[in-house]
Amino acid sequence: MAHPVDVHVGKRIRHRRWLVGMTQQQLAEKVGIKFQQIQKYETGANRVSASRLWDIADALEVPVSFFFEGIESDNAEAQSSDSVPADILGDKEALDLVRSYYAIPENQRRRLFELARVLSDVA
């Protein structure tokens, strides 16, 4: 069974890769490994060595600490009764929505945000 830290790091790798619009193949090529290894890292099936995590962070243009952000709150979020899923960034649709949102010009983005806020208050 995968260690929770390995699973968390793998999810963070996947989240960042999705956010920058990179495929597993593209990341693997930048790091110098096979895409199947990226798959194993992202699921937590394989642990990422420190040097490999360094290379992945460089390829994804984030500090190594990025992969450990939020690890303390994972248990608290999982126990939350909020309507938002604990692993919202684990949902590809949510990440696509965020990417699309930031592609919208800022003034329109503010208006869209206000509309979403109003609609969520109605629900």
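This is a predicted model: local features need pLDDT of at least 70, side-chain atom pairs count only at pLDDT 80 or more; totals for chains, interfaces and linings use all residues.
Reader: What makes up the secondary structure of the chain?
Author: The chain comes to seven helices and zero strands, and along the sequence this reads as α-α-α-α-α-α-α. Of the 123 residues in the chain, 27% are buried.

Reader: Why is the contact between Arg47 and Asp6 called a salt bridge?
Author: The side chains of Arg47 and Asp6 meet at 2.6 Å, N to O, and the rule asks for a side-chain nitrogen of Lys or Arg within 4 Å of a carboxyl oxygen of Asp or Glu, so the pair qualifies as a salt bridge. This pair links distant parts of the chain, with Arg47 in the loop between H3 and helix H4 (50-60) and Asp6 in helix H1 (residues 4-19), 41 residues apart.

Reader: How do you know whether Arg47 and Asp6 are buried or exposed?
Author: Arg47 has a relative accessible area of 60%, and exposed means over 50%, so Arg47 is called exposed. Asp6 stands at 14% relative accessibility, and because buried means under 20%, Asp6 counts as buried.

Reader: What makes Arg12 and Glu69 a salt bridge, and which parts of the chain does the pair link?
Author: The side chains of Arg12 and Glu69 meet at 3.1 Å, N to O, and the limit is 4 Å, so this contact also passes the rule. The pair links distant parts of the chain, Arg12 being in helix H1 and Glu69 in the loop between H4 and helix H5 (74-79), 57 residues apart. Arg12 counts as buried because its relative accessibility is 12%, under the 20% limit, whereas Glu69, at 42%, falls between the limits of 20% and 50% and therefore counts as partly exposed.

Reader: Why is Glu42 called buried, and what does its side chain meet?
Author: Glu42, which has its place in helix H3 (residues 35-43), is at 4% relative accessibility, and buried means under 20%, so the name applies to Glu42. Its side chain meets that of Arg17 in a salt bridge of 2.6 Å, N to O. Arg17 lies in helix H1 and Glu42 in helix H3, so the pair ties together parts that are 25 residues apart in sequence. Arg17 is at 6% relative accessibility and therefore counts as buried. Glu42 and Arg14 are 5.8 Å apart in space, C-alpha to C-alpha, and 28 residues apart in sequence.

Reader: How many salt bridges does the rule give?
Author: The count by this rule comes to six salt bridges, among them Arg47 with Asp6, Arg12 with Glu69 and Arg17 with Glu42.

Terms used. Residues are numbered from 1 along each chain as its sequence is written. Side-chain values use heavy atoms; hydrogens and water are left out. Helices (H or I, at least four residues) and strands (E, at least two) are DSSP runs, numbered from the N terminus. Buried means under 20% relative accessible area, exposed over 50%, partly exposed in between (1.4 Å probe, protein chains only).
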